[in-house]
Amino acid sequence: MNFREIRSLEEAANSFTDKAQTMVKGLRTLGTLHPFVGVAVGAFVLVITLDLVRRDNDRKVFLVKLKMSELMSVFFELRHFKDSEDKAHDGLSIADRLAPLMAEIANDIKAAGSACDAYLKKGFLSKTVKASTYEGRLANFIDTFADHRNKLELSFALHTSLGVDAANEKLDEQSVRLKAIEEKLDAIALFRQVDTPREKDVQKFISEHGGVKSVLNNDDFLEELISKSGESFSRISGREAGRKSNDLPSVRKRLLKEVLEDVDEVFNRNMVLFEKKLDMQSKQLTETLQSESDRVIQTLLSGAHDRIIDPDLQRIWKDMGWKGSVKARHFVLALHDYYTDKLSSTSSDLPVFDSSTLPSPPSSRASPVKSPNTATFRRQSSDDKWALSYINAAYVQPILEAVDDDGTGFVSVKEVNTFVASRPDGWSLPTWIAYWAVGWQASISQYKSKIYTLVQEMFRTLEHVLPSNRRAVDEYLFHPSFWRIELLLRSTRSVNFKVLSDPDLARAADSYTAAEEERLDNSLSDVAYELDTTATVQLITGEGRIERYVFPLIYLLLRQHLKVMTLGCKHVLDTEELSTLNESLVSILLLVDDRIQNLEAVFKQTHLDIQARLGNFAFGIFQLSYGDIKRVPIQNSFGTWVDDDENSAGPEPITAEVIHAKYEKIPLSILKYGIQDGFQSTDYFEFEPARLRRVSHAIQGTWTGHCQRSDGDEVINYVLRISFRVSSDLRSIKGKGEDFANTFNLEGRVFRTKGGYELEFALSDDDEETSAFGFLDTTSETLIMSWSDRRRKTNYDDPYYEPINMRKTPPSLIRYRYKDHQFAEDPIRARWAFACSAALHLAQEKMWSRRFLEARATERKRFVELSTRSLIVKMGLTPQKPLNPAEKGELEYLRRELNPSEARFYHALSQFEIQKLPWHPAWGCDWCTRRITKSRLLCLHCMTDNLSDNIDLCAVCIDKSPSKRGFVHDISHDVVKIEETLHDFNFTRVIDTARTVIGRVKGIFRTLESANGSREVGQTDGESGDETRADPTCACCRQRVSTPCWTCVTCTKDTFVCMGCDTQRVKSLSDGPSPHHKLNHPLVKVRDSSIAGADATAEERLVILQQRLVAMERQMTSGLAGIDAKVEERLSNLEHRVEARLAMFEANSELRFDALEAVLRQLVAQTAALPSLYAQVVKDQIRSSMPPSPRSPRWFQ
Ligand SMILES: [Zn+2]
Ligand SMILES: [Zn+2]
Ligand SMILES: [Zn+2]
Ligand SMILES: [Zn+2]
């Protein structure tokens, strides 16, 4: 494949589906002509069709599939063969020659399919940290396919070129070989060329920072790696309000586990599941083929209605003159009219009706929905009348949804046929329709209540889960899949239970529900209840809308998960066990998301309000899951849900006996990873001297030595143990090794040199390519060895790479061995002391001396305690209690001196301690940002109303006052301390109770304080206190408590714990004031008796109110004064302005008056000079120049 071809890879990928389907058809035909290819063709068809629905296509996987198809395309050469029994010149027929190869090809195709499947399931980061291993395996498959292809071509050539001479044949063979070598070199190079930019970027980052392990072990690098990968750890939508996860330690743990995981084991484990999937696929393929051929026959007949299988529907279709599809509403109404007509006519004329309903579709048309052993629900057709009442306008919507699978609002011929074909054996069409009209909703409602009950049982079982499983189970229950399921349940409208009072309907619904459940359960158990991808879910449900199956599937899965959880009450489970369970739920929810997206697209064409439309669809099941969804604890209904049916006062708590009886009955085989009760100790049996006697070699046996490595800022000293075996030809070595943290297997070679032996070996299955080189000095019996790996280039000064001196001292005695300087001072004495201590040790060990065992036990305890504390610091958990120098020295001493097998056991124990720490959601302390592990403190005031966000503090930061995300935390705020995961199940209850309790308790303290204040100290005896309660005493030490102290949220009776007892984690006294109080109960801190917020009694509220009133009054007075001042100011301003205006006006008018006066004077002077006649004229003139008023006499005009 050259570069141009790579570029067209995308195109090839796009057209691959079509091409593959064509190929599948061609190969099938070929298979009928040459049956011997059947096994290989069958495998290919299954693997290729199984993956056609898969969306998450990976280019590397695609390359493998492409090579697989290329191999299969060679099969088409067989079309030149008339008969597979044709003999070549060596007397072998092509069938004989290729039969073994066919089986091999079939196996390789299945193995490749499974490997690709397993690879695709790994997240981007998991794939990346193990890229070279995975790519190596995938490349092997490409090579294998190329190999097979060459073999096939060669064999075909043998048969077609019978005339070609041997020399030519050999030449061909040669060129074929060359080609094969070329291709082998290509595979990995090819992978490099198809790397996506993101893959390239991440790979570059890893190699620039010293390889996978060094990136994983560095917080900054790891964080950058995660951000570069763009991987989010939740695959389903829905977000946490504004909080960043700081879960580096567990991401690291997971990825490290991924790195150490044995790929072959992964592939093998996947193969089991994959083969089951292939089986199911094969079943479905045969069914599809069958129904396709049926349909072909039908299609040959003409007319749209003729393509409809059911005679009744066919007639409706014909009568209505419908074409390929019809509006769903019209369809349902026509259906109703048709059956009303028909059934009312049959009541008088039974035989006619009988003849028309009898021809039911051939029952061989097995649909995936149908169970092989459906409880047959045969009814007399005359009894169908009950069903009629459900085929009417009131039930248009559910009937329409049942037929109109894609939600377009149109019913097509194909949809009608699918609907009819999915009808259980022996069901009449009216019954089937009635089931969808009402029965289905009844069944959904039943599942809804069953799931609620199951989840509630899970939370009651949680109390009994072993501490070591607790964290995994908590994470499982806190997973987003749980609140997504809750959204589905809460969103779905329950049916009115009256509808099931119709016995006919109830019987139909029950029998169908039971059969469906059985079918799904069988399929689920085929895949061991593991739904790794959405494709697997579809494989199990068969065709059809997810809303039909979502509740039964969730119910069946959770039922299985509850079993796993119950086993977790007795056995230690693998941490992966429970996260796999979450993944199965996620696969279902991803299909739900897909469905919602499709519906949204369809609804958008006709509806503006999609949310409202979803509320009307499938009883509202998807309504709440649509749009911008997030976790809102206050709405979570898991804890508060009550079954309407049962009037019981809530379920009883589960007792230990009940749990015991339960887990005894559950087989351990339901666990995917098995139980982890025991410690995986390394078996050194094969290295015992007696076993090594067959080959004599100086290197054989067990070597021990001290070595070092840097770990963050410190240097760890520890004992390394390596045991070797030499092969019978004295050349190669195999062995095992162990230190306090790891075990490894090794393989290598040994050579004889001057003065001893040289050896080199590499660790098997190690991504860092760790290898070692050593020299054994036969005279001093010392093996000097040094490590080398990819990290070395950038960390060459790490003491890890310094030469290690190893001797044949038994691991348990290495602690007694003299140090170099002791030997230099006095060799004889040093040796003598060593021999004595060693002998004593061995003797004590043999005799199981008490002192010996006690000493071991003390060592173990110290090691576990110190190592746990140092791990907590290292993992960034809180609260921390760092080791002081003396303790550090002690841990160092133990690590350095203990037998590595013991040290590793103790190390595992301390990791186990970490695993047992209470788990809190991944967001950290709002002050120090560390991951909170033991006590989580929630502020009761800094909390949003819907409880989706609040201020969290760790135990160390309890007195800090962070301001974050809009909260301003104050030290006076009440806080509740949680020592267990606070699930949404309990969230509202705990917070509400905590608020009530703190209010009440503060009241008690206030009353006490005021009583103490008014009375003399001597008078405070109990007798006088009829209305005042007895002094609060600590539940753990019975001392009188005063503020500050803690008070319990869970215990119904007011329960107090003094500060001292809380810090020392003292248990409650069984004869104390609150014998039922437990250490894991949430506590509220009573800092003092003053009121911090709204949580107050009426009296306290009055006080607050009064304070508020005073404050308000003060505010008002000051406000009023302000207003007064302002008004005054304004008024005076106004006054000024008015005055100024008036003055101006006055001045102006005076001027005008003056002017007027002057004119008048002038006029008077002038008129005086004229004769009186003129005076009259002037008067008239003046009058006429005045405006006419209504009162003015008309004489003038
Ligand atoms: Zn903190
Ligand atoms: Zn606060
Ligand atoms: Zn106490
Ligand atoms: Zn309590």
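The four donor atoms around the zinc ion (ligand 1) make angles of 102 to 116 degrees with one another, and the site is tetrahedral. Here, donors are N, O and S atoms within 2.8 Å of the metal (3.2 Å for Na, K and Ca), with water not among the atoms, so sites may look incomplete. Four donors count as tetrahedral if all angles lie between 85 and 135 degrees. For comparison, the ideal angle for four tetrahedral donors is 109.5 degrees.

A quick word on the model: it is predicted, and local features need pLDDT of at least 70, while side-chain atom pairs count only at pLDDT 80 or more. Residues are numbered from 1 along each chain, and ligands are numbered from 1 in the order in which they are written.

So who holds ligand 1? The SG atoms of Cys925, Cys928, Cys954 and Cys957 do, at 2.2 to 2.3 Å. Cys954 is buried, with a relative accessible area of 0%, and buried means under 20% (1.4 Å probe, protein chains only).

The zinc ion (ligand 2) has Cys939 (SG), Cys942 (SG), His969 (ND1) and His973 (ND1) as its protein donors. This arrangement is tetrahedral because its donor atoms subtend angles of 102 to 117 degrees. Both His969 and His973 are buried.

Now for the cores. A nonpolar core is a set of buried Ala, Val, Leu, Ile, Met, Phe, Trp, Tyr and Cys residues joined through side-chain atoms within 4.5 Å. The largest has 178 residues, and those touching the most other members include Phe75 and Leu152. Apart from it lies another core of 45 residues, Val975 and Cys1036 among them.

Key: Heavy atoms only, no water. Tetrahedral: all angles 85-135°; square planar, octahedral: opposite > 155°, others 65-115°. Buried < 20%, exposed > 50% of the residue type's maximum accessible area, 1.4 Å probe, protein only.
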